Amino acid sequence: MSSLFLCPLCGEPLARREKSYICPHGHSFDLSREGYCNLLPVNQKHSKAPGDDKNMAAARSAFLSKGYYAPLREALCQLAVCATGSSPAVLDTGCGEGYYTGGVYHALLEAGKQVRMAGTDISKFILRRAAKRERAIEFAVASSYHLPVADGSIDLLINCFSPLALAEFRRVLKPGGTMLYVVPSEMHLWELKEVLYDEPYPNEVKQTPYEGFAYEEIRHVERVIHLPCQEDIHALFRMTPYCWKTPRAGAERLTALKELDCRISFDIHVFHRKLEK
């Protein structure tokens, strides 16, 4: 079975077997029990276990599984269907537990498209959950700055709250291909920040031109969600960067909450890869 992935050691195409990927030069990469493979060479690892740890992976999975971010997933699905042809190759970089990856994949299938889809993330702990969630999608541990994907092979690239590796994204996207880049908007999680910090400030919002890309639109998604219990409040907190930089007093105020109404607010920046002259 052909793969969207390349061998990270020699750059040759990988073929997927029952329990491994193998390239023409004989380099082999085992599939985990869950179904993902590790395509991150040792020299690209900056720590023993990079990316989200087990606790963060569990928090993200628990929170997203309850549908709190469903409006964002629905918007991504709509954009993906409109942006792709009948047989798209789709890559979700920094895909996490596969919540958005799976949503987009099934939306494309339901639209009658013959989709090939892959997801990459630097955390093996989060990819275990992604691979269990979606067996038909390829998943690999990999860095967004060294994607094991061929030049100009991707029709649609999705990047949600992950590093913007522009040089790699330009390289792998086909000319005319689409990139969906999701960032928190100005008031995202404002009510949570009011609890955590004495002087919260809005997120910076800007429209930045990037070399090789042309803006199509910015799709804004905003809702108010109701978190009815401490468990869900804590799961949201654990999956945000605030978890690492919240003062003790703020964390104590959060622990005392029984419920929370909170804004979710996102901007989906829609880019096209400029056609080559």
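Reader: Which elements are included in what covers the buried residues of H7?
Author: This is a predicted model, and in it the cover over the buried residues of H7 includes H1, helix H6 (190-196), strand S11 (213-227), helix H8 (248-256) and S12.

Reader: Which residues of helix H7 are buried?
Author: In general, residues three or four places apart in an α-helix point the same way, because such a helix has 3.6 residues a turn. Here, within helix H7 (residues 230-238), the buried residues are Asp232, Ile233, Ala235, Leu236, Phe237 and Arg238.

Reader: Which residues have the most contacts inside the largest nonpolar core?
Author: They are Phe63, Tyr69, Leu76, Leu192 and Ile268, in a core that has 55 residues. Helix H2 (residues 70-83) gives the most to this core, with seven residues. Another core lies apart from it and has 29 residues, among them Leu31, Leu147, Leu166 and Tyr181.

Reader: What is Ile268 in contact with, leaving aside its neighbours within four places in sequence?
Author: Its partners include Leu72, Ala75, Leu76 and Leu79, and also Leu180, Tyr181 and Val182, as well as Glu217, Ile218, Arg219 and Val221.

Reader: How many residues line the largest pocket, and which lie nearest its centre?
Author: The lining has 50 residues, and Cys160, Phe161, Ser162, Pro184 and Pro241 lie nearest the centre, while the space in this pocket is about 1400 Å³. Helix H1 (54-64), strand S7 (116-121), strand S10 (173-184) and strand S12 (260-273) each give two or more residues to the lining, which by class has 25 nonpolar, 14 polar and eleven charged residues.

Key: Residues numbered from 1 in each chain as written. Predicted model: local features only at pLDDT ≥ 70, side-chain atom pairs only at ≥ 80, totals over all residues. Heavy atoms only, no water. Core = buried A, V, L, I, M, F, W, Y, C linked by side-chain atoms within 4.5 Å. Buried < 20%, exposed > 50% of the residue type's maximum accessible area, 1.4 Å probe, protein only. Helix = DSSP H or I, 4+ residues; strand = E, 2+ residues; numbered from the N terminus. Contact = heavy atoms within 4.5 Å. 1 Å grid on protein atoms, 1.4 Å probe; cavity = no way out; pocket = protein on both sides within 12 Å on 5 of 7 lines; lining within 4 Å. Points joined across faces, edges and corners; volume = space filled by probe spheres on them. Nonpolar A, V, L, I, M, F, W, Y, C, P; charged D, E, K, R; others polar.
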